[in-house]
Amino acid sequence: MKPTRFLLAFALAGLACTTPAKDTAAETAAPAEPLIPEDQLQRQMAVGNGYALVTAMMVNGDARSIVAMYVPDAKLTLPDTTVHNAPSIATRWVSLAQGKSMADFQRSSLAMSILDDSTLADSGSYLMILRRSPRDSVLERGRYTAKWRARPGVGNWVILEDQIIPDAGKKTGTR
């Protein structure tokens, strides 16, 4: 009985040695999609939608949702202050919107560049519409710069740095 077991073990070992090794190089996974779209229009839409969401949340006083639009250690630079971390930034945006009776905050991208595989720099001009009375609105114009990070998944863009620079000498004006 022992010789039969020995022969069976020997046969199985021989089969294991003659089975070709699996070629893992041939089974390479398809390259992952880039986090930042190659198409300029898609990048502008993603960032533009992010700005529109932040503005809507500012106007509606929704600080909790603004927090989700920034990385935890984000930085916001305003003319009078620099704010660090997402909860503080959200609180500052909401208080700014309420304090200035903000009706809208529009950003127009003028330059966009990819910094690395997941980081994008954006800069341009902004227009902040401030309502003082139902018939009167005041405009504030200026420039902005921002850094965005794309994360895996749809709609997962977050802001790393945000800077608002009002135009000198033309801070406010009427419509």
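At 6% relative accessibility, Thr55 counts as buried, because buried means under 20% relative accessible area. The model that shows this is a predicted one. Thr55 belongs to helix α2, which covers residues 40-59. Its side chain reaches the backbone oxygen of Phe105, at 3.0 Å. Beyond residues up to four places away in sequence, Thr55 touches Asp104 and Phe105.

The protein as a whole has four helices and seven strands. Along the sequence they follow the pattern α-α-α-β-β-α-β-β-β-β-β. The protein has 175 residues, and 33% of them are buried. Its accessible surface comes to about 11,100 Å². Carbon and sulfur atoms account for 57% of that surface. Among contacts with a separation of 6 or more, 52% join residues 24 or more positions apart.

Helix α4 was examined from start to end. At its start, a side-chain oxygen of Asn85 comes to within 2.9 Å of the backbone nitrogen of Ser88. After the helix comes Ser101, with a positive phi near 50°.

The two sides of α4 carry distinct sets of residues. Its buried residues are Ala86, Ile89, Ala90, Trp93, Val94, Leu96 and Ala97. They cover an arc of only 160° around the axis, and therefore lie on the same side of α4. The face turned away from this buried side carries Gln98 and Gly99, which are exposed.

Three salt bridges are present in the structure. One of them pairs Asp80 with Arg92, with the closest N and O atoms 3.3 Å apart. Asp80 lies in the loop between β1 (70-78) and β2 (81-84), and Arg92 in helix α4 (residues 86-99), so this pair ties together parts that are 12 residues apart in sequence. Asp80 has 59% relative accessibility and counts as exposed. Arg92, at 22%, counts as partly exposed.

Another salt bridge joins Glu140 to Lys100, and here the closest N and O atoms are 2.8 Å apart. Glu140 sits in strand β5 (residues 136-150), whereas Lys100 sits in the loop between α4 and β3 (102-114), so the pair ties together parts that are 40 residues apart in sequence. Glu140 is buried, with a relative accessible area of 7%. Lys100 is partly exposed, with a value of 23%.

The remaining salt bridge links Asp162 and Arg107. Its closest N and O atoms are 2.8 Å apart. Asp162 is part of strand β6 (residues 157-166) and Arg107 is part of strand β3, so this pair ties together parts that are 55 residues apart in sequence. Both Asp162 and Arg107 are buried.

Definitions and conventions
Residues numbered from 1 in each chain as written. Predicted model: local features only at pLDDT ≥ 70, side-chain atom pairs only at ≥ 80, totals over all residues. Heavy atoms only, no water. Salt bridge = Lys/Arg side-chain N within 4 Å of Asp/Glu carboxyl O. Buried < 20%, exposed > 50% of the residue type's maximum accessible area, 1.4 Å probe, protein only. Arc of directions from axis to C-beta. Polar contact = N/O pair within 3.5 Å; in protein donor to acceptor, adjacent residues only side chain to side chain. Contact = heavy atoms within 4.5 Å. Areas by Shrake-Rupley, 256 points an atom, 1.4 Å probe, with all protein chains shown as cover.
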